[in-house]
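This report describes one protein model in plain terms. Please look at the sequence and the structure below before reading on.

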Amino acid sequence: MFGLHGQEIIIIALIVLLLFGGKKIPELMKGLGKGVRSFRDGVSGKDELEDDNKSENTPTQTK
């Protein structure tokens, strides 16, 4: 993973724990999860909007 070994990952995790504290990390992860979910929804919503625009622009025949 990015050329990191076990000791380096542990050191980075300890630094993050010292910077943010134990109580703040779950809140950060929750915010990160919401951000990723919103990004995915935005990407999939963009495709749906393009499909909706195509169907609105095609003329319909009435008898």
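A salt bridge is a side-chain nitrogen of Lys or Arg within 4 Å of a carboxyl oxygen of Asp or Glu. Side chains of opposite charge can pair in this way when their charged atoms come close. The model is predicted: local features need pLDDT of at least 70 and side-chain atom pairs count only at pLDDT 80 or more, while totals for chains, interfaces and linings use all residues. Residues are numbered from 1 along each chain as its sequence is written, and side-chain values use heavy atoms, with hydrogens and water left out.

**The salt bridge**

A search of the whole structure finds one salt bridge. In this salt bridge the side chains of Glu 27 and Lys 24 meet, at 3.6 Å from N to O. Because Glu 27 and Lys 24 are three residues apart in helix 2, about one helical turn separates them.

**Helices and surface**

The protein has two helices and zero strands; helices (H or I, at least four residues) and strands (E, at least two) are DSSP runs, numbered from the N terminus. The 15 residues of helix 1 should span 21 Å at 1.5 Å a residue, and its end C-alpha atoms are 21 Å apart, which agrees. This expected span is 1.5 Å times one less than the number of residues. Just after helix 1, Gly 21 takes a positive phi of about 80 degrees.

Of the 63 residues in the protein, 0% are buried. Buried means under 20% relative accessible area, exposed over 50%, and partly exposed in between (1.4 Å probe, protein chains only).

| Residue | Relative accessible area | Class |
|---|---|---|
| Leu 4 | 31% | partly exposed |
| Phe 20 | 42% | partly exposed |
| Lys 24 | 43% | partly exposed |

The accessible surface of the protein comes to about 6,200 Å², with 63% belonging to carbon and sulfur atoms.

**The nonpolar patch**

A nonpolar patch on the surface, with about 1,100 Å² of accessible area together, includes Leu 4, Ile 9, Ile 12, Phe 20 and Leu 28. Helix 1 (6–20) and helix 2 (24–57) are the elements that give two or more residues to this patch. Helix 1 provides the largest share, seven residues; Phe 20 is found in helix 1. Leu 4 lies in the segment before helix 1.

Key
Areas by Shrake-Rupley, 256 points an atom, 1.4 Å probe, with all protein chains shown as cover. Patch = residues over 30% accessible without salt bridge, like charges linked within 9 Å, V, L, I, M, F, W, Y side chains within 5 Å.
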